[in-house]
Amino acid sequence: MKILVIEDDKSIAELERDYLEINGYECDLAADGIRGLEMALTGDYALIILDIMIPGMDGFELCARFREQSDTPVILLSAKKEDIDKVRGLGLGADDYMTKPFSPNELMARVKSHIGRYERLTGKDGGKNGGNRLLKIRELEIDKDSRRVFLGGEEKIMPAKEYDLLLFLAENANRVFSKEHIFDRIWGMDAIGDVSTVTVHIRRLREKIEKDMDNLQYIETVWGVGYRFKG
């Protein structure tokens with residue numbers, strides 16, 4: 001299993017490579033955004049580790065362009081600690097965001113977590129999750145064949161749009177989507193109505209699948225961006 005590290009600081013890139021190889025992964029390195037994007041789009045990678053401040057093309061632009069063609073997990077790294085950079089990165093489709101300096105062990109834990117989650121959601125785990133027809137996240141189960149939803153074994157009755165919205169978010173766990181994106185995807189660009197219906201449906205979903213509205217376990221709001229399903 002291969003991972004691509006896009007990082008212009010040679011010492012950091014080599015440190016990441018060493019830890020990845022110790023943990024059983026193959027690792028390729030790219031030192032600039034242009035080369036990094038080319039490798040990301042043509043290589044068979046399980047995950048991309050992407051620094052934001054790289055020459056040629058910064059990590060934000062690279063992430064956005066890569067996400068147009070691939071749903072492979074992306075972890076952004078940055079020395080910037082401002083929330084606005086984190087929100088921007090997640091809004092562009094990154095799966096995670098870590099600030100430097102970071103613990104190599106924490107990075108490895110996140111790498112393994114994202115790869116495992118991606119394999120379960122895409123069925124690349126060898127069918128260990130019911131041939132990918134049964135999507136299970138903690139106590140929540142979504143049966144895609146019967147279009148039924150269960151929470152802790154109890155069935156939750158959902159109209160078609162609520163089910164479609166839940167399935168879309170769950171199949172794209174940890175990615176942030178704007179209300180506009182969700183509306184276009186679930187209702188269609190020519191649908192009658194506006195993005196406020198997304199807020200209404202999110203509230204209804206939460207009422208059905210969240211046990212504690214003050215401690216959300218599944219659908220969280222990313223302020224200023226949209227919503228994310230916690231995988």
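The entries run from the whole chain down to single residues.

**Ground rules.** The model is predicted, so I took local features only at pLDDT of at least 70 and side-chain atom pairs only at pLDDT 80 or more, while totals for chains, interfaces and linings use all residues. Residues are numbered from 1 along each chain as its sequence is written, and side-chain values use heavy atoms, with hydrogens and water left out.

**Fold.** I looked up the secondary structure and found eight helices and 12 strands. These are DSSP runs numbered from the N terminus, with helices being H or I of at least four residues and strands E of at least two.

**Dimensions.** The C-alpha trace spans about 55 × 35 × 35 Å along its principal axes.

**Burial and surface.** Of the 231 residues, 46% are buried. I used buried for under 20% relative accessible area, exposed for over 50% and partly exposed for in between, with a 1.4 Å probe and protein chains only. The accessible surface comes to about 11700 Å², and carbon and sulfur atoms hold 47% of it. Areas are from the Shrake-Rupley method with a 1.4 Å probe; for residues, only the protein chains shown count as cover.

**Contacts.** Among contacts (heavy atoms within 4.5 Å) between residues at least 6 apart in sequence, 55% join residues at least 24 apart.

**Cysteines.** How many disulfides does a search of the whole structure find? It finds zero, a disulfide being a pair of cysteine sulfur atoms within 2.5 Å. Cys27 counts as buried because its relative accessibility is 11%. Cys63 is also buried, at a relative accessible area of 2%.

**Tyr45.** I then looked at Tyr45, in the loop between α2 (33–42) and β3 (47–51). Is Tyr45 buried or exposed? Tyr45 has a relative accessible area of 9%, so it is buried. Neighbours within four places in sequence aside, Tyr45 is in contact with Lys2, Ile3, Leu4, Asp28, Met39, Ala40 and Thr72. Lys10 is 35 residues from Tyr45 in sequence, and their C-alpha atoms are 20 Å apart.
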